[in-house]
Amino acid sequence: MARISDELLEEFQGIAKESGIEFKSRQEAWESANNLVNFFDVLVRIDQEERRRAARLKDEPKGFAVPGEGRTCSLCKNYLDDQDMWYDKWGLKCLHCQEALDKKLIPVYVFKDFDNKEHANASTLSWKLGVYPTTIRKLVRQRKLKARTVPGNGTLVFLRTENPDIVAIIEAEKKAMEQRKIAKAESR
Ligand SMILES: [Zn+2]
């Protein structure tokens, strides 16, 4: 804290003003500048950690365990704190998802498919398409959707290649559910 000189603060306020941001007081400007400095500190730390891990990968190409410490698995999205994760050239993932990868139950590309172009898990589909996870599981049971399961945590993973019409199928089911609801209300 308090590494921001008066001179720097003046400059910060000037640039902020040019961008249409005006601070009510010098204190407010200082707090803002300070938050920004802390934010960049975090970014730099994340970057340094990533560089350290990438360097270590040269000696340990198969990867190594890293403490979870509040990170999230890139595939199942589970939050990991006390548990270890596994790091390799495909990034950080929980040990269950790593095992699924090692056993070739899940193709490796899903771990770099951050914007869900080639895959999605059930919870991502659930919040993105506004559908209950139970509905997704029902569609899997009915074989309308094909899921791959991560043993150990039960995460359902849907590949675009295996479910080219996944959005249409889920939307159709949502509509059918809505109609069933209306029919039920009318029959009362
Ligand atoms: Zn996972």
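Mentor: We will go from the whole chain down to single residues. Keep in mind that this is a predicted model.

Trainee: Fine. How many helices and strands are in the protein chain?
Mentor: The protein chain has 6 helices and 8 strands.

Trainee: In what order do the elements run from the N terminus?
Mentor: The order is α-α-β-β-β-β-β-α-β-α-α-β-β-α.

Trainee: What is the radius of gyration of the protein chain?
Mentor: The protein chain has 24 Å, whereas a compact globule of 188 residues would have a value near 16 Å. Along the principal axes, the C-alpha atoms fill a box of roughly 70 × 55 × 30 Å.

Trainee: And what share of the residues is buried?
Mentor: Of the 188 residues in the protein chain, 31% are buried. The accessible surface is about 12800 Å², and carbon and sulfur atoms hold 55% of that surface.

Trainee: What about contacts between residues 24 or more positions apart?
Mentor: Take the contacts with a separation of 6 or more: residues 24 or more positions apart account for 45% of them.

Trainee: Switching to charges. How far apart are the mean positions of the positive and negative ones?
Mentor: They are 11 Å apart, with 34 positive and 30 negative charges in the protein chain.

Trainee: Next topic, aromatics. How many aromatic pairs does the structure hold?
Mentor: There are 3 aromatic pairs. One of them is Phe-39 with Phe-40, whose ring centres are 5.6 Å apart.

Trainee: Why is that pair edge-to-face?
Mentor: Because the planes of the Phe-39 and Phe-40 rings are at 75 degrees, and an angle over 60 counts as edge-to-face.

Trainee: Last one. Where does Thr-135 lie?
Mentor: Thr-135 lies in helix 5 (residues 133-141).

Trainee: Why does Thr-135 count as buried?
Mentor: Because Thr-135 has 5% relative accessibility, and buried means under 20%. Leaving aside neighbours within four places in sequence, Thr-135 is in contact with Glu-173 and Met-177.

Notes:
Residues numbered from 1 in each chain as written. Predicted model: local features only at pLDDT ≥ 70, side-chain atom pairs only at ≥ 80, totals over all residues. Heavy atoms only, no water. Helix = DSSP H or I, 4+ residues; strand = E, 2+ residues; numbered from the N terminus. Rg over C-alpha atoms; globule rule 2.2 N^0.38 Å. Buried < 20%, exposed > 50% of the residue type's maximum accessible area, 1.4 Å probe, protein only. Contact = heavy atoms within 4.5 Å. Areas by Shrake-Rupley, 256 points an atom, 1.4 Å probe, with all protein chains shown as cover. Lys, Arg positive; Asp, Glu negative; His and termini not counted. Charge placed at Lys NZ, Arg CZ, Asp CG, Glu CD. Phe/Tyr/Trp six-rings, centres within 6.5 Å; stacked < 30°, edge-to-face > 60°.
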